[in-house]
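This briefing is meant for someone meeting the structure for the first time. Please keep the sequence and the model in view while reading.

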Amino acid sequence: MKCEYFGICGSCRDYEEGYEGQLERKVSAVQELFFPLYSGNITVCPSPAERYRSRAEFKIYHDDGGISYAMNRLDRQGALKIERCGIVSPSIASVMEKLLIEISDLGISHKLFGVDFLASGEGEITLSMLYHKALDDEWKSKAHELEKRLGVYVIGRSRKQKVVLSQDYVTETLNIGGRMYRYIHIENSFTQPNPRVNEQMITWSLGQIDKIGGDLLELYCGAGNFTIPFATKFDRVLATEISKASIHAAKQNMALNGVGNIEFVRLSAEEFTQALDGVREFRRLEGLNVADYHLKTLFVDPPRAGLGEEPCAFASRFDHILYISCNPETLLRDLEILSRTHTIEAMAAFDQFPYTHHLEMGVKLTKKGCV
Ligand SMILES: C[S@@+](CC[C@H](N)C(=O)[O-])C[C@H]1O[C@@H](n2cnc3c(N)ncnc32)[C@H](O)[C@@H]1O
């Protein structure tokens, strides 16, 4: 019998399909899905089979005066208590059990309903504790003690309250083709969850845009995960993103890596296209002459909803499009539109989320008639 919770609770190690089997099945499914548009080779980038997630969110389940970790059941029929978790990074795994003991010992479990972990490969961890009550000075001093006992950075969150005791970020190192990049990852902001697959994703993507040159436009740039390595391949990069915290981190990441040819601007993708077409003016673009950029390449990494009709029409203006997608279904819809003007040159599948039906995809498109 197959257990749908393998990889979440990590306990049923005899899952009959194994890591390779589940990946093969997912890859066959996307090959079939995209076959009408693309019949070429799909590069497959696997994940480590366990301990691959650098961030994880758990519910806190209270019973008999004790607390345990829990997750929503996949069938949405209540919560499932978690005893062990095979998918979180070694550093998260090393504090999970101790954390429950220390929270109980310090008496800070009352109204605690969730904990979020974010870790770096070097073992730094932010621990966000989510409460249904206001956090007072007594909580702060106990949470300080928790930081000391576990060697983590504690952030307390409740309605309209965020308490940062020491810091709310970790610094991650990624190896991209032998070069080390450093990134500040802020808790509660978007970061790629699987660092080893993320490295493969950036490396594959770099290979696709290697010799194009000119300037790059990136929409949905987050904290500059792709932007910073991409900047080595273009004269200038204009990168936009909706989240203020991510843009702030992106600017720090640019400095951290000694990169100077990127402009990060906090604008939604929709706002940026309006600005480019002169439909609206934005103070956030002041001092930047967008018309001055030689934008022939577009990189997009949108949320699950993908692009849709209008953004695809905008994307069609570019000679080269690189599209990273976390949802093959919306990607298919968008590729059906983009294939009217562009040819799919290459495709890749990145197993960001092993043991789930999710698969991240990468696609390189070139305008028809363009060499
Ligand atoms: C899948 S993440 C990719 C981020 C980044 N490329 C990375 O690898 O970390 C999508 C990003 O799009 C941003 N976003 C969501 N809706 C947006 C919109 N309408 N316009 C611009 N950015 C948006 C989110 O804040 C998030 O950072």
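Two strands are said to pair if DSSP finds at least two bridges between them, and the strands (E, at least two residues) and helices (H or I, at least four residues) are themselves DSSP runs, numbered from the N terminus. The model is a predicted one, in which local features need pLDDT of at least 70 and side-chain atom pairs count only at pLDDT 80 or more, while totals for chains, interfaces and linings use all residues. Residues are numbered from 1 along each chain as its sequence is written.

**Domains**
- The domain assignment, which is automatic or taken from a database, divides the chain into domain 1 (18–49 + 192–367) and domain 2 (55–169).
- The centres of domain 1 and domain 2, taken over C-alpha atoms, are separated by 32 Å.

**Strand pairs**
- Strand β9 (residues 169–176) pairs with strand β10 (residues 179–186) in the antiparallel sense over eight bridges, and isoleucine 176 stands opposite arginine 179 in β10.
- β9 and β10 form a hairpin with two residues between them, and in its turn glycine 177 has a positive phi of about 55 degrees.
- Strand β16 (residues 342–350) and strand β17 (residues 360–367) are also antiparallel, with eight bridges, and leucine 365 in β17 is the bridge partner of isoleucine 344.

**The eight-stranded sheet**
- An open sheet of eight strands with mixed pairing runs in the order β1-β16-β17-β15-β14-β11-β12-β13, and its edge strands, β1 (42–45) and β13 (262–266), each pair on one side only.
- Neighbouring strands of this sheet are turned by 15 degrees against each other on average, direction ignored; such angles run from 0 to 180 degrees between N-to-C directions, and axes are lines fitted to C-alpha atoms, for helices over the stretch in contact.
- Helix α6 (residues 244–256) packs on the sheet and touches β12 (236–241) and β13, its direction making about 165 degrees with that of β13.

**A helix pair**
- The axes of helix α2 (residues 90–106) and helix α3 (residues 137–150) come within 11 Å and cross at roughly 145 degrees.
- Where they meet, Val95, Lys98, Leu99, Glu102 and Leu106 in α2 face Lys142, Glu145, Leu146, Arg149 and Leu150 in α3, contact being counted if C-beta atoms, placed from the backbone, lie within 7 Å.

**Ligand surroundings**
- Of the 19 residues around the ligand, Tyr220, Gly222, Asn225, Ser268 and Asp301 come nearest, where a residue is near if its C-beta atom, placed from the backbone, lies within 6 Å.

Note on methods
Two residues are in contact if their C-beta atoms, placed from the backbone, lie within 7 Å.
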